[in-house]
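Welcome! Let's take a walk through this structure together, one stop at a time.

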Amino acid sequence: MKELLKSEKMLKIAFIAGIAVIVLIFVSGIVGDSASSSATEEAMLEQRISDMLLAMEDITEKPYVTVKLGSDKQTVLGVTVVCTETSSSRIREKVINAVSTVLAVSASKICITT
């Protein structure tokens, strides 16, 4: 009788552990998909902004752009633009204005470097 009770108890423990593993796998899949989706959104924005800046007058080399989005994937937390032509304050201002307008963010969230 004791062995039967122990085996039933072990069966219940194994069943609960199995359910817990399934739940953890499911939750990790949801969290992973959210992170990759955010990275994809950022990459698309980076490409579009880089292409837009390259089309501007006075910019001949493709700039490197990094965009950081908030957890809601709609709030822009910051933008970095690396562009060799931005040593001129006039071109730097044009780049800041363009990025600020396209992403609807303040200039204080935009970092321009050469």
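This is a predicted model: local features need pLDDT of at least 70, side-chain atom pairs count only at pLDDT 80 or more; totals for chains, interfaces and linings use all residues.

Our first stop is Ser 50, which is buried, with a relative accessible area of 4%.

Where does Ser 50 sit along the chain? You will find Ser 50 in helix 1, which covers residues 2-55. Setting aside neighbours within four places in sequence, Ser 50 is in contact with Lys 62, Pro 63 and Val 65.

From here, let's move on to the strands. Strand 1 spans residues 64-69 and pairs with strand 2, residues 76-82, in the antiparallel sense, over six bridges. To see this pairing in place, look for Val 67, which stands opposite Val 79 of strand 2. Together the two strands form a hairpin, with six residues between them. In that turn, Lys 73 has a positive phi of about 65°.

Strand 2 has another partner to meet. In the parallel sense, strand 2 pairs over four bridges with strand 3, residues 110-113. Here Thr 80 has Cys 111 in strand 3 as its bridge partner. How does the chain get from strand 2 to strand 3? The path runs through helix 2, residues 89-103, and this β-α-β crossover is right-handed.

Key. Residues are numbered from 1 along each chain as its sequence is written. Side-chain values use heavy atoms; hydrogens and water are left out. Two strands pair if DSSP finds at least two bridges between them. A crossover is right-handed if, with the strands pointing away from the viewer, the path from the first strand over the helix to the second runs clockwise. Buried means under 20% relative accessible area, exposed over 50%, partly exposed in between (1.4 Å probe, protein chains only). Contact means heavy atoms within 4.5 Å.
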